[in-house]
Amino acid sequence: MQKLDWIILAICIGLVWPMPGFGELVFARIEEGFARIARHERAALVAMGAVTILARLALLPWMPVPQPKVHDEFSYLLAADTFSHGRLANPPHPLWVFLDTFHVIQHPTYASMYPPAQGMVLAVGKLLGNPWIGVMLSVAAMCMAITWMLQGWMLPEWALLGGVLVLLRVGLFSYWMNSYWGGAVAATGAALVLGALPRIWEHQRPRDTVIFGLGAGILATSRPVEGVIFFIPLGCALLWWVIRQEGAARRASTKHLLLPLASILLFVSGFVAYYNLRVTGSPLEFPHFIEGRFIRTAIFLWQHDKPPIPYANPQFDDFYHNFLPSLYHTSWAAAEGQFEWKLTDFWQFYLGPALTIPFLALPWLWKEPRNRLLLFQVALSAIGLWVIVYYHAHYAAPLMVTIVVLLMQGMRVLRGWRVRGHAVGVALTRLIMLFSLLIGPVYFARMIAAESNPLLDWLHRHSSLLVIAAVSTLVALRLGSSFAPRFQSRWPWMIASCEFLLLAGIVLQICVHQRNSYPDDYAFVDDLNEPFRKPVEQQLAALSGEHLVLVRYAKDHNSGEEYVYNEADIDRAKTVWAREIPRIDPSLLLRYFRNRDVWIFEPDEDDSVVRPFSASSNSTEPPR
């Protein structure tokens, strides 16, 4: 934990120690209304999904529909385009060498290298008008699925609160909602598995087994490695529960639970095998394996780099020979560094300082056998994430779901804590919610006021004094009311409202401190207005005819910024993007696309315009 995080934790604990019950009337009224909604479980699920969609749509004037920028996003969008045309893969292009790009296989088919689930979600969005619609629907489904999952583990009030926390932490401002990279699909699958398990134990209904298997299928087609690791403890727990039953009950559970589950898993395995067959030509070879042939770096911590592989273009050479090897060098010290980095990244993305507080209740959670199962699953998933070199936050999406269950179990235990008769736990849980509610808007306000603002600058310079003043006022108000009970009895709502507002102001200042001191310690995307290929795409879309864009990179080009990505049906696309490769004559490419207008695009010189191609502009020399 960094210093600021300890400071935030200390302030939260210090605030609630002498003053539990501040703003009690206001908090109690809010909690009562929230509980009434939560008790209608199905309505709560619908409300969770609707709020997710409406909240993100309301932000569109400031946070527009995202433009793809990362390699992986374009690969997923290729899958979406392919699926929306009713195909699982596309035939290889005869001039693929000029069209080759990252995370897309060119042989034996032209397809994304990734599992199909995220692409299918984006395809649904594409059919509805825009692939991002699929992203938004997937995040809404995730928030609903996590709420439903928690309803199987705890009271509905805590379940809905958990869904709200997930929405606030990763569902609204993070790249899960504001890119095409994914995360929500795998989390939805994990939530269905983890939510079905306690229902199976309690009700033994076949429908819950179907949901259990459906969640496993989503995991298998979104994050298969992490999904298998996530599923193993839960599948074993279910199997052991059936085995321990007596004869007649065991036979009934096998017939009504295990057989339907086995059928679903067999169907999922068949689909995965068929998908592999159509994409790679072999039911046992995943598309990722083909991409893996071009990666010389270690995949697992114990592996060593393979010999260098020659590449046709300098961008591949830089990415595979320079960037990827820089991520890890096989050694125990590097492995320890990987663990620390991944743990820190996971904590910053999913939890942060406020949501760490409920885990103070871990010793109490350990006493419950079902919680011990979840803690074992967390340990197993953490090891799985550690031993694989590559990591992004959405790789841990299944693990996040288990953490959410433990988080809410900790919140439930925490709320019951009393110290010398003071309801300290109630105050702590309220502070956690206030922080979670305010931290996102603080980042959002800073984004839309990116230029210097006199008011914001003044607040930034005097934020410490404001915190001290608010705390002092809060203490004085409580002490004054204790010495003047007649005043408190005459205006209880006024006092409670003032206390609530002052407490919210203190937490708001703490959020501002975090945003100013550690702007990267919250999952917030603030680069949605970066144009990337959009200006050129709009320029060419406004012209008649079809186009071929030759991308010419500078010698020092950042291989993380790739512009050569195409639609599924390349020859029928309005604009085709190809790379200019040093020492390779593009005449074959130009003859093939002779009916198109040809343009030169030099993103390292000016990434907003293209210029007409001419014979004199052709360069087959090494890049400058």
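In which crossing, left-handed or right-handed, does α4 pass α6? The views below come from a predicted model, and the second one gives the answer.

**View 1. The whole chain.** The chain has 624 residues, and 52% of them are buried. Its secondary structure comes to 25 helices and six strands. Among contacts between residues at least 6 apart in sequence, 77% join residues at least 24 apart.

**View 2. Helices α4 and α6 cross.** The crossing of α4 past α6 is right-handed. Touching residues on the α4 side are Tyr76, Leu77, Ala79, Ala80, Asp81, Phe83 and Ser84. On the α6 side they are Pro116, Gln118, Gly119, Met120, Leu122, Ala123, Lys126 and Leu127. Sorted by class, this contact has 10 nonpolar, three polar and two charged residues. Helix α4 covers residues 71-84, and helix α6 covers residues 116-128. The two pack at an angle of about 60°. Their axes are 7 Å apart.

**View 3. Helix α4 on its own.** This helix has 14 residues. From first C-alpha to last, α4 reaches 20 Å, close to the 20 Å expected at 1.5 Å a residue. Helix α4 is mostly covered, with 13 of its 14 residues buried. Look just past its end for glycine 86. There, glycine 86 takes a positive phi of about 80°.

View 4. The model holds 35 aromatic pairs. One of them joins tyrosine 563 and phenylalanine 601 in an edge-to-face arrangement. The ring centres are 5.3 Å apart, with 75° between the planes. Tyrosine 563 lies in the loop between β3 (547-551) and β4 (575-579), while phenylalanine 601 lies in strand β5 (residues 597-601), so the pair ties together parts that are 38 residues apart in sequence. Are tyrosine 563 and phenylalanine 601 buried or exposed? Both are buried. They also belong to one aromatic cluster, formed by Phe74, Phe532, Tyr563, Tyr565, Trp577 and Phe601.

**View 5. Serine 381 in its helix.** Find serine 381 in helix α17, which spans residues 369-387. Why does serine 381 count as buried? Its relative accessibility is 7%, and buried means under 20%. Which residues does serine 381 contact, leaving aside its neighbours within four places in sequence? They are Ile229, Phe230 and Leu399.

Note on methods: Residues are numbered from 1 along each chain as its sequence is written. This is a predicted model: local features need pLDDT of at least 70, side-chain atom pairs count only at pLDDT 80 or more; totals for chains, interfaces and linings use all residues. Side-chain values use heavy atoms; hydrogens and water are left out. Axes are lines fitted to C-alpha atoms, for helices over the stretch in contact, and angles run from 0 to 180 degrees between N-to-C directions. Helices (H or I, at least four residues) and strands (E, at least two) are DSSP runs, numbered from the N terminus. A crossing is left-handed if the near helix is turned anticlockwise from the far one by less than a right angle, and right-handed if clockwise. Contact means heavy atoms within 4.5 Å. Ala, Val, Leu, Ile, Met, Phe, Trp, Tyr, Cys and Pro count as nonpolar, Asp, Glu, Lys and Arg as charged, and the others, Gly among them, as polar. The expected span of a helix is 1.5 Å times one less than its number of residues. Buried means under 20% relative accessible area, exposed over 50%, partly exposed in between (1.4 Å probe, protein chains only). Rings of Phe, Tyr and Trp (its six-membered ring) pair if their centres lie within 6.5 Å; planes under 30 degrees apart count as stacked, over 60 as edge-to-face and the rest as tilted.
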